[in-house]
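Work through the exercises below with the structure open beside you. Try each task before you read its solution.

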Amino acid sequence: MKKIIYRLILVLGAIAIGVALVAGLAFFGDKSTGPVQDFFNSLNKSVHNMEGDYILKRRTVSRAQRLSWLAPALRNVDSLKNIKGILLGAYDNRADISLQPIVDLEDSLKTTFPLIQIYTAWGSKREQKFPIEKVRSISTLGSIPVITWEPWLNDFSEGENADLTATQDPNKNGLKRIVDGKYDNYLRQWAIEARNSGVTILLRMGHEMNDPYRYPWGPQNNEPNDFVAAWKHVVELFRREKATNIVWVWAPHLAYGEFDAFYPGSDWVDWTGTGTLNYGTVAPWSQWWTFEEIFGNHYPSLEAFKKPILISEFGSLAVGGDRSKWYAEAFRGFEEKYPSVKGLMFFHHGNDASTTYQSLNWQITSDPAVLDSIRSNLFRLK
């Protein structure tokens, strides 16, 4: 009975804080600064701390204890250089508010994820600042944060783009603007806060830079050498701020083949990575591809960089084939075929509209056959 009362009080308290936070931000808007903003940031921090404490305390053996073997890597990036086995992880779009969906996915797969991924864009909005509370929550649970960091330059306020006219697109030749220091204040603040977090962070910046269709930092707006220069500029700025806890993940799109020209060089990249998503027959441009066809056939090109490889988005839709079989085939002989892969992250998005006009569901928790297939094969990665 005491546990029930405690949980009820905890939930009601978190709801009350959340309501106060939303109401306050709605009232003060983007102009709230100084003590007012600090107050609501404090409320936000309280919500995250209560969430982390609850998830940890509700288990007999806490999640962090199960990941105690990962503790050296969480505090020292050098420990990731010779990591044994494969670090599993996930992104779940519902985890933007609470990490509970990640824990639920772990429970469904009967595993614990060393990696938890979040996405954030460059820009002037509150949610585009360094996600310190999410990073703290993830590290409190014993996992390493993986941040996909997307340079959408049109999300900056007039300050960073003051030199442009109203009709000019900041993303057009935007990587040169990064090199010219237009966004250094933003980048410097990110670097300082990342450093002060004190935990290892895998930072996947400007992913799929060789894709000429999806993202504005791609070759439709910039030359490959512009990407290389911008990457080096950002990494150098972080190094000057002594943000040495960052693991820089360079992640091209393998399907477009030509990505060597976008590689900044061994001294500027710690890990390489890529997404491996099977869209099935959901769109006219897609078909049912096996894991071997999506990733395996291109693996030698990525392995040639001699860096640990992160499969940052791993999953299959259910349209057009048997996805339980797809996962089983993907795991079969995995470590023997792909010894340089050191991280694999499930893309558990239930409302993905980033590629097609329709919303796509990559989630697997409601598919017993897929869960059984993955659970029975995960041991192959340990």
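**Exercise 1: The second largest pocket**

Task: Find which strand and which helix each supply at least two residues of the lining of the second largest pocket.

Solution. Keep in mind that this is a predicted model.
- Step 1. Go through the lining by element. Strand S6 (271-278) and helix H10 (291-294) each supply at least two residues.
- Step 2. Look for the largest share. S6 gives it, with five residues.
- Step 3. The pocket has 25 lining residues, and His253, Ala255, Leu277, Tyr279 and Trp285 are the closest to its centre.
- Step 4. Sort the lining by type. There are 10 nonpolar residues, 10 polar ones and five charged ones.

**Exercise 2: Histidine 348**

Solution. 
- Step 1. Histidine 348 belongs to strand S8 (residues 341-348).
- Step 2. List the neighbours, leaving out residues up to four places away in sequence. Histidine 348 touches Tyr91, Asp92, Asn93, Arg94, Leu105, Trp362, Gln363, Ile364 and Thr365.
- Step 3. The side chain of histidine 348 reaches the backbone nitrogen of isoleucine 364 at 2.9 Å.

**Exercise 3: The nonpolar cores**

Task: Name the residues that touch the most other members of the largest nonpolar core.

Solution. 
- Step 1. Start with the whole set. The largest nonpolar core holds 91 residues.
- Step 2. Trp122, Trp149, Phe238, Trp250, Phe295, Phe314 and Phe346 touch the most other members.
- Step 3. Zoom in on phenylalanine 346. Not counting residues up to four places away in sequence, its contacts are Gly89, Ala90, Tyr91, Leu109, Phe113, Phe314, Tyr327, Phe331 and Ile374.
- Step 4. Turn to the second core. This separate set has nine residues, including Tyr91, Leu277, Tyr279 and Val282.

**Exercise 4: The whole chain**

Task: State how many helices and strands the chain has, and what percentage of its residues is buried.

Solution. 
- Step 1. Count the elements. The chain has 14 helices and eight strands.
- Step 2. Take the buried share. Of the 382 residues, 52% are buried.
- Step 3. Check the contacts between residues at least 6 apart in sequence. Among these, 74% join residues at least 24 apart.

Technical notes: Residues are numbered from 1 along each chain as its sequence is written. This is a predicted model: local features need pLDDT of at least 70, side-chain atom pairs count only at pLDDT 80 or more; totals for chains, interfaces and linings use all residues. Side-chain values use heavy atoms; hydrogens and water are left out. A nonpolar core is a set of buried Ala, Val, Leu, Ile, Met, Phe, Trp, Tyr and Cys residues joined through side-chain atoms within 4.5 Å. Buried means under 20% relative accessible area, exposed over 50%, partly exposed in between (1.4 Å probe, protein chains only). Contact means heavy atoms within 4.5 Å. Helices (H or I, at least four residues) and strands (E, at least two) are DSSP runs, numbered from the N terminus. A polar contact is a pair of N or O atoms within 3.5 Å; within protein, one must be able to donate a hydrogen and the other to accept it, and residues adjacent in sequence count only if both atoms are side-chain atoms. On a 1 Å grid over the protein atoms alone, a cavity is a set of points where a 1.4 Å probe fits but cannot get out, and a pocket is an open set with protein on both sides within 12 Å along at least five of seven lines; lining residues have an atom within 4 Å of a point. Ala, Val, Leu, Ile, Met, Phe, Trp, Tyr, Cys and Pro count as nonpolar, Asp, Glu, Lys and Arg as charged, and the others, Gly among them, as polar.
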